[in-house]
Amino acid sequence: MSDPAWLVEGRPHLWRPYCQMKTANPALPVVATRGSRLVLADGRELVDGLASWWTACHGYNHPHIAAAVRDQLERMPHVMFGGLSHEPANRLATRLAKLLPGDLDHVFLAESGSVSVEIAMKMALQFHINRGVTGRTRFLAFRGGYHGDTLATMTVCDPDEGMHSLFTGVMPQQVIGDLPRDGESTAALEMLVAAHARELAAIVVEPLVQGAGGMLFHPPEVLRTLRRIADENGLLLILDEIFTGFGRTGTMFAMEQAGIVPDVVTLSKALTGGTMPLSAAVARRHVFDAFWSEDAGVALMHGPTYMAHALACAAANASLDLFEDGGWKADVTRVSAGLEAGLRPCRAMPGVVDVRVLGAIGVVELERVDDLEALRKAFLAHGVWVRPLGRVVYLTPSFTIPDGDLAALTAAVRAVLSVRDHSG
Ligand SMILES: Cc1ncc(COP(=O)(O)O)c(C=O)c1O
């Protein structure tokens, strides 16, 4: 069946993400989504292994979220947030403050993950300035990390392996270390921090899983060490839970597994159940207090046009209703078991260096991938939507994926990897 006219006409005009436009496989025309499936223009259905970049945690087109957005649309799609407020944002902020541990009570709503990380970084820089501390202008971030594609977030991504290595040396240089996984790496990190202690504003890290940097897991102890190092050196700790938040690692937030509370946390992706763009940078009381003053000059000067979008907040409230219903934990446990059982046989395959599962994240790490586009095509031939990150094949399905679809995903991974030409 030929491509639809809208795809043919639009193709030369759309600059696609993360894509060498000249050589990449053509983008697939999706005309509908249902549950854990993508429906293509030619009628084919793909089982979705990614939940749309880890957003659609309840599955696509959840009727409760759809109804909430429809209802909000009838009344008020959006109003500017400067000087105005609305019920969906107020309800959402109240609920997030209640859901998050400790005194993470002050919610700044934006529209994308990268922007919320930028806001968290800005909060940290200004936190010190407002308290009369000068010179704390840099961030400690980690190899393997990913925090977004905007200019400031690029500087806290992995400088070599990430998507932004081309820009190394162009942007401000942050202090990049290795995660403190053992005595030796902890000592090395402590030395690194000591060398830069007076110029650092904050530590920025993805808790438990460095996602886009390669689905790299670390134990909760790492986060407790980072909390200690931050406290000992007067740094803020920013946890980027944009990927890990809302159940993905088995707890509502990854930080719960470490029993720590960051100074600022960023949230996005599954916040709206994958329906609308929305993000939040949520600060603790002492951070907020540093901006609380009679002096307008120390306020947080930030306000994206579409911040706190009413439709997005309505979607997020509906998504939180679904989380409150409580079934998600059992779903994540079931998906986790399915990923573990389905991917385990890959351990014995040649060219596989690791298989790991945490919550609803399943990873098969390969020694190398010589032709990424060919690998992506092979998954399509098996009727699944799987998009490896370099040599890391991973599954992050919706929590509600039926057992049959989950089995189809893991079977496709086994089938594709077992016939791979490892000779390159
Ligand atoms: C941990 C983390 N932080 C930030 C971002 C950036 O979010 P966005 O793509 O919404 O800007 C991502 C996106 O993958 C992410 O995984």
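Visitor: Which residues in H8 do Thr-186, Leu-189, Glu-190 and Val-193 in H7 meet?
Guide: This is a predicted model, in which local features need pLDDT of at least 70, side-chain atom pairs count only at pLDDT 80 or more, and totals for chains, interfaces and linings use all residues. Residues are numbered from 1 along each chain as its sequence is written. Contact means C-beta atoms, placed from the backbone, within 7 Å. On the H8 side, the four H7 residues meet Thr-225, Ile-229 and Asn-233.

Visitor: How are H7 and H8 oriented to each other, roughly parallel or roughly antiparallel?
Guide: H7 covers residues 183–196 and H8 covers residues 220–233; their axes come within 11 Å and cross at roughly 25 degrees. Angles under 35 degrees count as roughly parallel and those over 145 as roughly antiparallel. H7 and H8 are therefore roughly parallel.

Visitor: Which residue in E2 is the bridge partner of Thr-33?
Guide: Strand E1 (residues 30–34) and strand E2 (residues 37–40) run antiparallel and are joined by four bridges. Strands pair if DSSP finds at least two bridges between them. In E2, the partner of Thr-33 is Leu-38.

Visitor: Which residue in the turn between E2 and E3 has a positive phi?
Guide: In the hairpin of E1 and E2, with two residues between the strands, Gly-35 takes a positive phi near 55 degrees. E2 and E3 form a hairpin with four residues between them. There, a positive phi of about 95 degrees belongs to Gly-43.

Key
Axes are lines fitted to C-alpha atoms, for helices over the stretch in contact, and angles run from 0 to 180 degrees between N-to-C directions. Angles under 35 degrees count as roughly parallel, over 145 as roughly antiparallel, 65 to 115 as roughly perpendicular and the rest as oblique. Two residues are in contact if their C-beta atoms, placed from the backbone, lie within 7 Å.
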